[in-house]
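Hi,

Here is the structure I said I would pass on to you.

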Amino acid sequence: MRTTLQRKLILPLFLLLSGCGAIGTGVGIWLGSQRNLRNNSKPSISISSPSFSQNVNDMISIVYEIRDTESDAANVKVEWSTDEQTWYTCTEQVNRLIDLQSDGTQNLTTSPGGIQHTFVWNSLMDIFAANLPNVSVRITPTDTTTKKTGFSATVKINVVNEYITTLLGRTPTGSNKRLHIPRYIASDGKNLLYISNKKGNSIVKLDLNSPDFQAFPPFLNQGILSLAGTGLTPFNGDNLAANLSNLNNPAQVALTTDRSTGDAVVIFADSFNHRLRQVNLRTNFISTLAGTSTPGYDNNFASDAFNDPLQTSLDTPFGIAIPPKGAAFSGIFFSEKGNRTIRFINWSTSPAVFYSTPQITVEPNEMLTIAGDPGKAGTYPVSGSLWTDAGGGNLSPNIGLPSPGALAYANGSPPLLYVADGPHILVINLGNADATIYPNASPPMQPITIKAGEVQTIAGSSGATSQQPNDGVEARVASLGTILDLYLKENGSVFNVVFSEDKTQSIWRIDGNTGLLERIAGNGKFQEEGESETSQIGDKGPAKNASFAFPSGLQKWNDFLLVADQLNNRIRAINLSNQPQTIAGKVIQPQYIDTISKGLNLGGSELTEPVEVVVDNFDPTIPEIYVSDRGANRILKINANTRKQEIVVGTGTQGSGPDGGLANKTPIGENGGIHLFHDNEKKFLLLTDDGDENKGGLVRVVNLHTSNLNFGHITNLPPGTIATLVGGGTITKTTSSSIENNLDNEDPKNVKLDDVIDVAMSEGTLPAVYILERIDQNNVYRVLAYNPNASDNLVFARGNSKQITIQPGKISAIAIFNSSTPSENFLDPLALNPFQYLGIMALRGVASSQAGQTNLILMLPSEDHYVIAINYSNTSQTIVGTSIPPGEGKRIAGLYDNSAGVYKQGYNGDFIQAVNAKVDTPLGLTFLPKDKVGDADILFIADGGNNRIRAVFGDTSGDLAGLDGTIFTIVGTGEEGYNGETLPAQNVILAGPTHLAAVLRKNFLNQDRLILYFVDENSGRLRQLAIPVSFNKP
């Protein structure tokens, strides 16, 4: 029996546990929660990529899965080690890189079956410029709820950060299966489009009836399917599945019927594989129609010659035009950028006869040139008879075509071929009767008569009377940019021409009767789409208000005009009708534009025509790289560590904006050379700007410092702003090689320059600015020197014990190249006699106020296949093994044939004297003095035609003793194209390297490495690799 006291104690306890619902329930939940936490499983990791022992470098994408039974969020720690004893934290790449986006390390989602995540390791930050085998990467998860550390996973990889990588212009994995800089479009007339991918090195097809277009929200690459290409470029054969074949910069594409099988085929110009190729759409196999992969030119008019297309060398085929069934010609017309020709392959069983007097006859199954001449560069405007009968069955070409591109065939009487050639549109009369273009032209303009066998320019002007393109402007007087594509629309007895061009980033129509322009689309501004949800390029609005970023490919489809918008990485559609129309599931209003399929947002990371690169190595731990992208009319800066990039000069729209504005809001155009100066007090960028024909060429300066800039006549230039240093005036003096009649101590603000190619600066106590200029009308080049100093003259030695004195604040000519006839006459810098097509120059030494203290040597590459150096001191100097008398110049690389009087083009090996070595179209030079390298001076040559970067040694000692004047390849195999990343220098395939910058740094292992940053123009890439300073002797 319980006592009263026991009852008093038991009752409250009972009430506590069960009588009070709130308290009782709370205790139960708390106890249960403790039990669940205690029993929670630990998260686990599995790594799917990279694979064991894979060679990787730079930005390493680590793909892994996190599994957790309770699906709790997890944090991860990502580490690396060389011995699995000491572990280091992997530096995460925070900025998105086109296709690479790291998921971070905090609050990551999980599930019992596993959720995939990506960590992007910026390995160059941790293992700089070094190759380390067997690096362990470990990922360890922590449950954010229980704080328990889970089960880690480890993978061993080989980090090869000495090897090649791409800093700008990366190619995403799988870009051969999606849009990546779409270039040209062809249609089957139904629902399929075939698109050439410039950067993806592929042909893809877009199915406008794909169920992809029913999905919401829209996703990337809707309706896109792979057709041909792997993404890599070295030619790997024919008669294989098209998706296993390597393409190299495919250009214009067309559809037709195979003459043998009747199957539908896609034909395209495989430009840098130097072939015309076709894909059979029934078998999906690829084959070659013309070309041998070896660039060259073969053409034989002899009656007994058989001009077999498969045995004939081509050079960079580009445009394609296929006449329709029943036309006067049956076959294929194509243009060649490299040979500057247009050729025809005859598919008929009868001879194809062109022109009247003289005639060109192309026999069945043969191929011949019908226009152009590799030996004639051609000048604008292009006009006149194409051929002359030289007798004996030989024909001689009269006219050169400067840069033939996209083609369009007009099936009229007579038949005509329209040619996009630089900033002009040409028409070739293929028949034997006269043709009239613009029959209703209004005075003072007259109709254009094109006789049989003639070519005439029908659009584009660069003369003094040219006008800005606009509605109602006559096409013949319009100042246009490069014509990107064109197509023809029959208009009664004439053809309207629709074309796109890059100066106004617009699409225009030329009325075939009057020759007047009408804008179809484009607001005149270059614009790349950003990350915003709202379109920044004018989609879903009037086409005339839209912006483009290189609208290259044009294709008519029903009531739509389809556009390949290259750097916006998308296909867009313009409704040309007066009624709403539907395409790919989208309703587009009349005269409006919208995107129908798009690839990855490129984020301004693509390079279209990179020319020169410089590195700011003022703080070696934060290297900043500047790239002049002439094709996009801008200069980019990229932090080599974080990969953060920004536009520092230009808007993308061609022009020469006013002084005093923010540089990244000011248009520039045809920009080429750049030079960076950075010390404790100043940081500025010099650049060339040819964006305004009326102003002429300019040399401009951008203040990159946080304080106002004073330099030469530029005073108090605010940070971030731009001003003109040289040019914009009226004084030219371009007609004489005499110093007395050329620029001699002129005010830099009063001179008018022509085509400015490069700018460089010697620093030292008395800085000087050097300008390389091409004077187009005279085919003359000259080097000008500007003296920015306040009180000191600059003195340069000249041949025959003469000298050139430049007064403070003045500009003078210091070198004049007045002939395109090759010779070895370098005795006087003001009367040089060999040059054409000069490239990016290099300097050694400095100028001075006294001739005896000047030790400047100026080095210039010539596309005539050699390199010259000029000694401006009054004593002999030796540069990379060649001794140069005072005030004279000498060839320091390239092989001269005395008997033929020409410089030999090509490649004849390495580890020979540079003056005995063939080079091929050297485009840019970089010089590193011995005090910055160690055992030698090094002259780097961007040997563009040989697709190599080569080095020449001078003043050698130590391990390199005895190699003075020796040339050898440091990057490149000699093939043209792109074969991927993580390759050693000797295995890298390049595509037209134009320039490089080099800095000496210690790598992760404390070894000296030369870090090379170079621009690969034809592949649109800025690339990096590291090479040992201790070069091996042969």
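Below is what turned up in the backbone.

Before anything else, keep in mind that this is a predicted model. As background, most peptide bonds are trans, and most residues other than glycine have a negative phi. The spots I picked out are the ones to look at with that in mind.

Let's start with the cis bonds. To find Pro414, go to the loop between β28 (404-410) and β29 (416-421). Another cis peptide bond joins Pro443 and Pro444, with omega at about 10 degrees. Pro444 sits in the loop between β31 (435-437) and β32 (448-450).

Next, positive phi values. Asn107 is a residue other than glycine, yet its phi is positive, near 50 degrees. You'll find Asn107 in the loop that runs between β5 (88-89) and β6 (115-122). Asn201 also has a positive phi near 50 degrees, again in a residue other than glycine. Its place is the loop between β11 (192-197) and β12 (202-207).

So which of these asparagines is buried, and which is exposed? Asn107 has a relative accessible area of 56%, so it counts as exposed, the cut-off being over 50%. Asn201 has a relative accessibility of 5%, and because buried means under 20%, Asn201 falls in the buried class.

Those are the places I'd open up when you go through the model.

Cheers

Note on methods
Residues are numbered from 1 along each chain as its sequence is written. This is a predicted model: local features need pLDDT of at least 70, side-chain atom pairs count only at pLDDT 80 or more; totals for chains, interfaces and linings use all residues. Side-chain values use heavy atoms; hydrogens and water are left out. Helices (H or I, at least four residues) and strands (E, at least two) are DSSP runs, numbered from the N terminus. Buried means under 20% relative accessible area, exposed over 50%, partly exposed in between (1.4 Å probe, protein chains only).
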